[in-house]
Amino acid sequence: MWVARRFLSSVQRGQSGLFRRPQHGSPPELELRYLQCTCCWRSRVPVAGFETLNAAISSSSSKPCKEDSSAPLDACYTPEQRHAILQLLNTATQVELSGVKLLRGRRSLNIVDYRTKNGPFKTLESVVNVPLLKHKSAVVIFDSILNPVKKKKIRIQLAKFIRPEIDRSWLEEANAIVSLTCGTNKIAWAHVDRAMAVLDWQQLDCPNFLKGTYMAPAYLNDVSAVVSLLPSADFYIIEKSSISVQNTALFPVMAHMRTVEAMLFALLEPRNCPPDSNVPPRVLNMTRTAVGRHFGLMVGEMRTSGAQTVRQLMTESVTQKMPRINFPPDLLVKYRNSFQMSSRRGGGEELCDALLQAVAFYELLSHSSG
């Protein structure tokens with residue numbers, strides 16, 4: 001103990017040893033801290049504070065622009081970084097700029113307007129001249145451009161929302177499917193082949209749905225009328241409602257959906273098939289929430305309307321060389337005004353859901369296979 005105190009006292013006086021008093025240009029002087037002696041708790045043993053050295057070194061290498069708003073922005077970045085930032089700010093569209101942190105909304109539009117009026121940005125400092133952009137926000141934007149946050153894509157496997165369970169090889173060999181969705185007073189279907197071409201797309205009113213005491217013969221007549229119009233396909237995909245059993249207010253609607261679903265299964269599935277035969281089920285369920293997540297239609301646990309998405313798909317079918325799905329001209333003419341916000345009375349939600357379910361089925365199948 002005496003030797004240790006003698007050595008540490010020499011360090012305090014700046015004598016020669018492991019820790020000398022720093023000369024000019026050397027690292028900052030180490031700060032002495034004290035530890036309690038375990039032999040006699042009254043004594044305190046001084047120790048060198050290495051954390052002081054680490055803090056001094058790290059603070060000297062930090063960017064000046066993050067703390068000092070008066071520092072030039074161009075001095076905070078290397079030439080390569082400045083080139084990358086300016087290239088994006090000068091060439092990106094408003095939509096692309098909106099993907100950068102702090103550039104959503106009005107700021108991205110202001111950058112495009114500033115470029116149009118004053119030409120491309122030549123320095124990082126000139127970006128501060130854009131309305132709603134200040135020094136600190138510009139630093140955050142530049143750092144976000146250099147280090148973009150990669151959004152994790154949630155890939156939903158097909159097996160998670162297809163029931164009953166079926167081997168994927170059977171699904172991959174299917175040439176065409178019929179997607180069916182049930183509403184409170186109609187059933188809609190979309191016949192789509194593997195080439196993503198719409199072969200048939202229509203709906204049929206069911207006047208006996210949710211009438212009186214849910215008479216089975218009346219329900220059967222309406223569902224049988226729909227089945228008689230359905231085209232032949234390898235698989236029939238029926239939408240599985242996401243209404244919870246605990247939701248007592250919607251229990252009549254849930255009972256109605258389950259009744260129609262059961263009748264479609266009974267009328268479409270081939271009969272007298274041995275349970276151990278190597279024949280896949282022809283009628284499958286696909287959950288409504290999975291389709292909503294695939295197209296970004298979910299708000300919490302609720303699914304919003306897919307009318308806008310269907311309008312976009314119809315527009316892309318005409319304007320793009322390789323659209324997500326191809327519509328024949330007669331269906332484009334027939335439904336071109338059916339999914340406007342002002343035409344909600346026409347009741348196109350079932351048509352939208354049937355089409356989106358078919359598109360999601362093929363796209364999720366190809367993603368899970370890849």
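A residue is called buried here when its relative accessible area is under 20%, exposed when over 50%, and partly exposed in between, using a 1.4 Å probe and protein chains only. Helices (H or I, at least four residues) and strands (E, at least two) are DSSP runs numbered from the N terminus.

A word on the model before we go on. It is predicted, so local features need pLDDT of at least 70 and side-chain atom pairs count only at pLDDT 80 or more, while totals for chains, interfaces and linings use all residues. Residues are numbered from 1 along each chain as its sequence is written, and side-chain values use heavy atoms, leaving out hydrogens and water.

Now for the overall picture. The chain contains 14 helices and ten strands, and 38% of its 370 residues count as buried. Its accessible surface, computed by the Shrake-Rupley method with a 1.4 Å probe and, for residues, with only the protein chains shown as cover, comes to about 22,500 Å². Carbon and sulfur atoms account for 55% of that surface. If we take a contact to mean heavy atoms within 4.5 Å, then among contacts between residues at least 6 apart in sequence, 62% join residues at least 24 apart.

Let us return to β7 and look at its sheet. Strands of a sheet pair through backbone hydrogen bonds, either parallel or antiparallel; two strands are taken as paired if DSSP finds at least two bridges between them. Six strands form an open sheet in the order β3-β8-β7-β4-β5-β6, with mixed pairing. At its edges are β3 (162-163) and β6 (198-205), each pairing on one side only. On one side, β7 runs parallel to β4 over four bridges, and S179 stands opposite I237 of β7. Five bridges join β7 to β8, again in the parallel sense, with N285 in β8 as the bridge partner of I238. Strand β5 (residues 186-193) and β6 are antiparallel and share seven bridges; here K186 has D205 in β6 as its bridge partner.

Which helix lies across β4, β5, β7 and β8? That is α10 (residues 251-268), running at about 170° to β7. The axes behind this angle are lines fitted to C-alpha atoms, for helices over the stretch in contact, and angles run from 0 to 180 degrees between N-to-C directions.

The loops hold some backbone details to inspect. A cis peptide bond, with omega about -5°, joins R163 and P164, and P164 sits in the loop between β3 and α8 (168-172). M196, in the loop between β5 and β6, has a positive phi of about 60° although it is not a glycine; M196 is buried, at 13% relative accessible area. L132 also has a positive phi, near 75°, and is partly exposed at 48%.

Finally, look at the aromatic rings. Rings of Phe, Tyr and Trp (its six-membered ring) pair if their centres lie within 6.5 Å; planes under 30 degrees apart count as stacked, over 60 as edge-to-face and the rest as tilted. The structure holds six aromatic pairs. One of them, Y114 with F121, is stacked, at 5.2 Å centre to centre and 5° between the planes. Y114 counts as buried at 18% relative accessibility, and F121 is buried at 4%. The ring centres of F361 and Y362 lie 5.5 Å apart with planes at 75°, so this pair is edge-to-face.
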